[in-house]
Amino acid sequence: MNRPLRHIAVFCGLLMLALLIRTNWLQYAKSQELATHEHNRRVKITQFATPRGDIIVGGKAITGSKEVEGTDFKYQRTFKQGPMYAPVTGYASQAQGMSLLEKTYDSVLSGQDERFAFQNAKGILTGEERRGGDVITTIDPKAQEAGYKGLTDLDARGAVVALEPTTGKVLALVSTPSYDPSVFAGNSFKEGDKFQALVDEKGKPLANRPLRETFPPGSTFKILTAAAALEHGVVTDVDAHTDAISPYQLPQSSSTISSEAGDATCSKASMKTAMQYSCNNVFLDAALKVGDKGMRETAEKFGFNEDVYSEAFGDMLATKSLYPQELDKPGTALTGMGQGSLTSTPMQMAMVTAALANDGKLMQPYIVDELRGPDLSTLEKHEPQLKSQAVSEETAKKVQEMMEFTAKEGSAKRALIDGVTVGGKTGTAQRGNDVSKEVPYGWFVSYGKKADGRSVAVAVFIDPTAMDISRSDISGGGLGGPIARDVMKAVLGK
């Protein structure tokens with residue numbers, strides 16, 4: 001064989017070898033990834049080949065499946081009260097994919113979980129259709145409805161989160177404006193256009209505000225500032241006068257900050273009085289004295305700068321709430337009143353409130369109580385987990401004392417419920433540099449406790465941008481207090 005032919009033969013041999021290597025690599029190394037890839041049409045066909053299991057709230061299914069014709073997908077997902085529960089269920093669309101619980105627990109809902117292997121093998125022999133398992137949530141339907149109705153009645157963008165302080169159960173997870181996942185559950189161009197219209201909508205109905213969006217928490221963060229000041233010994237007596245003057249001059253700055261309650265009320269006020277009237281000066285000064293390191297340390301014990309859910313929760317993972325690193329003195333002081341570069345999800349502020357109501361114990365939030373197989377057998381059962389001892393029991397009880405006083409005698413009166421011990425804190429958070437032009441956010445956090453041991457913690461967030469309301473009428477207590485009260489009443493049976 002002459003040299004040119006030999007070179008061609010070697011080259012062809014190398015090409016064949018490369019082809020064999022590539023084929024084997026795809027078949028063995030990448031087979032599982034390709035078989036489960038979201039853009040693999042066979043995967044989607046399998047997902048919708050049989051009725052999906054259901055997502056359960058309060059013992060009732062809030063999802064379903066209907067048989068459709070004229071497509072490779074035999075069944076299409078349906079949703080009951082879709083807009084109210086969309087922040088919980090997410091969507092399961094033949095064209096757009098899946099999100100939230102539908103995505104996180106797809107293998108269970110579609111019946112493809114490896115724990116169903118025996119049942120599926122048996123079904124092949126008997127001809128029985130594969131069935132999916134169910135996801136049993138912790139959501140309280142009355143609390144979810146109360147939160148959703150409260151926000152939609154205001155026609156507000158916003159969020160409501162309710163937690164059971166002693167366990168971490170998520171009792172309500174509301175986001176408005178919302179959407180109906182049934183509208184684009186199919187595979188037609190028409191449904192694709194509807195999904196795109198939701199993507200383009202100014203109000204961002206597809207956004208999950210309780211978990212995925214962060215905002216300055218405003219004065220609701222003062223409950224954490226109070227806890228930090230007590231925990232680090234900056235404040236020992238919540239009834240003692242402080243030396244914080246109002247208006248308060250920020251360190252290293254010519255800027256001064258006043259309080260709506262007035263300088264006469266807030267100058268040298270005790271921390272309890274400052275909580276009652278939401279005096280900025282006392283909390284600015286407390287944060288400055290605790291210092292950047294101490295404030296961040298306390299915030300992180302409540303869950304800031306960490307994932308709320310572990311990776312095991314898949315698409316339910318929440319955006320981190322941030323207490324920034326290495327703040328200067330003005331920046332540290334501003335966090336004391338929930339401003340500056342501090343950001344929080346509504347879920348995070350519900351966690352702070354729940355931990356304080358639970359004597360300083362922060363429980364890991366969870367929204368799925370149980371996974372059940374098609375035969376109703378229990379696949380997994382969630383057990384409450386302590387996330388951290390955020391502050392001492394003594395500190396937590398002192399903050400409870402201040403929050404309960406604020407509900408009885410201060411700005412959180414709108415949340416009071418007969419026969420229930422209620423603690424609360426309002427918040428109005430500024431955004432942007434020009435506070436005269438930017439509409440502030442409204443916040444409200446509260447907890448309710450009954451003598452029988454039942455309790456609930458609530459965070460309400462309101463973005464009044466689209467509301468027909470004057471700037472002077474925007475307040476966390478006025479807008480969010482009644483919603484928080486109704487959610488607490490729904491949980492506690494009042």
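Which residues is Asp285 in contact with, leaving aside its neighbours within four places in sequence? They are Asp243, Ala244 and Tyr248, where contact means heavy atoms within 4.5 Å.

The structure is a predicted model, in which local features need pLDDT of at least 70, side-chain atom pairs count only at pLDDT 80 or more, and totals for chains, interfaces and linings use all residues. Residues are numbered from 1 along each chain as its sequence is written, and side-chain values use heavy atoms, with hydrogens and water left out.

The chain contains 18 helices and 18 strands. Both are DSSP runs, numbered from the N terminus: helices are H or I with at least four residues, and strands are E with at least two. Of the 494 residues of the chain, 53% count as buried. Buried means under 20% relative accessible area, exposed means over 50%, and partly exposed lies in between (1.4 Å probe, protein chains only). Among contacts between residues at least 6 apart in sequence, 70% join residues at least 24 apart.

Helix α14 spans residues 280–301 and holds Asp292. Asp285 has a relative accessible area of 11%, so it is buried. Its side chain makes a polar contact of 3.0 Å with the side chain of Tyr248. A polar contact is a pair of N or O atoms within 3.5 Å; within protein, one must be able to donate a hydrogen and the other to accept it, and residues adjacent in sequence count only if both atoms are side-chain atoms. Asp285 and Leu334 are 49 residues apart in sequence, and their C-alpha atoms are 9.2 Å apart in space.

Asp292 counts as buried because its relative accessibility is 16%. The side chains of Asp292 and Arg296 are joined by a polar contact of 2.7 Å. Residues up to four places away in sequence aside, Asp292 touches Tyr323, Pro324, Glu326, Leu327 and Thr332.

Asn305 sits in the loop between α14 and α15 (329–335). Its phi is positive, about 65°, although Asn305 is not a glycine. Asn305 counts as buried because its relative accessibility is 18%.

Helix packing comes next. Two packed helices are described by the angle between their axes and the distance between the axes. Axes are lines fitted to C-alpha atoms, for helices over the stretch in contact, and angles run from 0 to 180 degrees between N-to-C directions. Helix α11 (residues 222–231) packs against helix α17 (residues 393–409) at about 140°, and the axes are 9 Å apart. At this angle α11 is therefore oblique to α17. Angles under 35 degrees count as roughly parallel, over 145 as roughly antiparallel, 65 to 115 as roughly perpendicular and the rest as oblique. From α11, the contact uses Ile223, Ala226, Ala227, Leu230 and Glu231; from α17, it uses Thr395, Lys398, Val399, Met402 and Met403. Seven of these residues are nonpolar, one is polar and two are charged. Here Ala, Val, Leu, Ile, Met, Phe, Trp, Tyr, Cys and Pro count as nonpolar, Asp, Glu, Lys and Arg as charged, and the others, Gly among them, as polar.

Helix α16 (residues 346–357) also meets α17; their axes come within 8 Å and cross at roughly 110°. That angle is why α16 is roughly perpendicular to α17. Thr353, Leu356 and Ala357 of α16 meet Ala396, Val399, Gln400 and Met403 of α17. This contact has five nonpolar, two polar and no charged residues.

Tyr85 is found in helix α4 (residues 82–89). At 3% relative accessibility, Tyr85 is counted as buried. Beyond four places in sequence, Tyr85 touches Val57, Ile62, Lys80, Ile139, Pro141 and Gln144. Tyr85 and Glu145 are 60 residues apart in sequence and 9.1 Å apart in space, C-alpha to C-alpha. Gln81 belongs to the loop between β4 (75–79) and α4. Its phi is near 50°, a positive value in a residue other than glycine.

Strand β16 (residues 421–429) includes Thr426. Thr426 counts as buried, with 10% relative accessibility. A polar contact of 3.3 Å links its side chain to that of Ser411.

Two cis peptide bonds can be described. The bond from Thr176 to Pro177 is cis, with omega near -5°. Pro177 lies in the loop between β9 (170–176) and α9 (189–200). Ser246 and Pro247 are also joined by a cis peptide bond, with omega about 0°. Pro247 is in the loop between α11 and β10 (248–249).
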